[in-house]
Amino acid sequence: MLPNIQKIVNEINNEYFTNFKITPENRTADLQRGVDYLYEYCYENNVAFVFGRGKRKSRHQKFYEITRKFLDRQLLYNLHNSKFGNRNSYSKTDVYAAFMHMKDDHMRNARLKPGYNVQIAVDSEYMVATDIFQERNDIWTLIPLLKTMEEKLKFKYPSVTADAGYESEESYCFLDENEQKYFIKPQMYDRWKKRSFKKDISKNDYEFKRFLLKGKTKVKLEILLLCIGYNINKLHSKIQNNRTKSHLFKKELA
């Protein structure tokens, strides 16, 4: 769009003997000055604006309308760009959601759909923390989640266990600085071992497939209610099986 804007600005400078310039850094302000100048010129010289079929627009009106059109497009672009944040896409129905590659459905259709990256922290089979992120990759969610947990729970866990998707140099450095032991699965582990079946507790046991609400706050509330329901069900199961004071795995002492 910038070459087209510069072309019309050159024509305006030749027509009105002005010296307007369009710079990429101040494109909106430069266009606004051009629109204001053309509007004042038309007003002071009693240029009549005409609309509709069969009516011939003056050269001044054409310059004003073209420049105004570029300004409106630039303002719309700035609005969309402000909603991106750290993302490169967002949904018009939910501006806080980002387009992500979802898993294949029953027809094996893989599509980009608006969604959130939900992260859940588990301790002794209970969900102790959860948060939603707009990043597609899990790598950038581990550190913010640990910081949120430390802030809300008022303590930090001595050890952290995570999957291969969280492995990064930034995560290792953060855990070392916090003096937390980490057990993170290497990203090359799946190539060394055979592929195994992974079972998702929330999606399979509770048939949770999609959020019913829109907006970051409402989605976070929905996942919190799901975690509370999961913890209540887990506690009920432990009470029924007399496992309230037992560990999932037996402790082994070296």
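User: How many residues apart are Asp30 and Arg33 in helix α2, and what separation along the helix does that give?

Analyst: Asp30 and Arg33 are three residues apart in α2, so about one helical turn separates them. The model is predicted, so local features need pLDDT of at least 70 and side-chain atom pairs pLDDT 80 or more, while totals for chains, interfaces and linings use all residues. Numbering starts from 1 along each chain as its sequence is written, and side-chain values use heavy atoms, with hydrogens and water left out.

User: Why is the contact between Asp30 and Arg33 called a salt bridge?

Analyst: The term needs a side-chain nitrogen of Lys or Arg within 4 Å of a carboxyl oxygen of Asp or Glu. The closest N and O atoms of Asp30 and Arg33 are 2.1 Å apart, so the pair qualifies. By this rule the model has seven salt bridges.

User: Is Asp30 buried or exposed, and what makes Arg33 partly exposed?

Analyst: Buried means under 20% relative accessible area, exposed over 50%, and partly exposed in between (1.4 Å probe, protein chains only). Asp30 has 7%, so Asp30 is buried. Arg33 has 47%, which places Arg33 in the partly exposed class.

User: What makes Arg68 and Asp72 a salt bridge, and where do Arg68 and Asp72 lie?

Analyst: The N to O distance between their side chains is 3.3 Å. Both residues lie in helix α3 (residues 59–84), four residues apart, about one turn of the helix. Relative accessibility is 30% for Arg68 and 36% for Asp72, so each counts as partly exposed.

User: Which parts of the chain does the pair of Lys238 and Glu125 link?

Analyst: The side chains of Lys238 and Glu125 form a salt bridge at 3.5 Å, N to O. Lys238 is in helix α8 (residues 216–240), whereas Glu125 is in the loop between β3 (117–123) and β4 (126–133); the two are 113 residues apart. Both Lys238 and Glu125 are buried. Shared partners join Glu125, Lys234 and Lys238 into one network of salt bridges.

User: Which residues line the largest cavity?

Analyst: A cavity is a set of points on a 1 Å grid over the protein atoms alone where a 1.4 Å probe fits but cannot get out, and lining residues have an atom within 4 Å of a point. The structure holds one cavity of 30 Å³ or more, and the largest has a volume of about 60 Å³. Its lining consists of Val9, Ile12, Phe20, Ile22, Asp30, Leu31, Gly34 and Thr67. Helices α1 (2–16) and α2 (27–44) each give two or more of these residues, and α2 gives the most, with three.

User: How many disulfides are there?

Analyst: The count is zero, where a disulfide is a pair of cysteine sulfur atoms within 2.5 Å. Cys42 is buried at 4% relative accessible area, and Cys227 is buried at 5%.

User: Which residues have the most contacts inside the largest nonpolar core?

Analyst: Such a core is a set of buried Ala, Val, Leu, Ile, Met, Phe, Trp, Tyr and Cys residues joined through side-chain atoms within 4.5 Å. The largest has 15 residues, and those with the most contacts inside it are Leu142, Leu146, Met149, Phe174, Leu175 and Ile184. At least two core residues come from each of β4, α4 (142–153), β5 (159–162) and α5 (169–177). Helix α4 supplies the largest share, five residues.

Key: On a 1 Å grid over the protein atoms alone, a cavity is a set of points where a 1.4 Å probe fits but cannot get out, and a pocket is an open set with protein on both sides within 12 Å along at least five of seven lines; lining residues have an atom within 4 Å of a point. Grid points are joined across faces, edges and corners, and a volume is the space filled by probe spheres set on the points.
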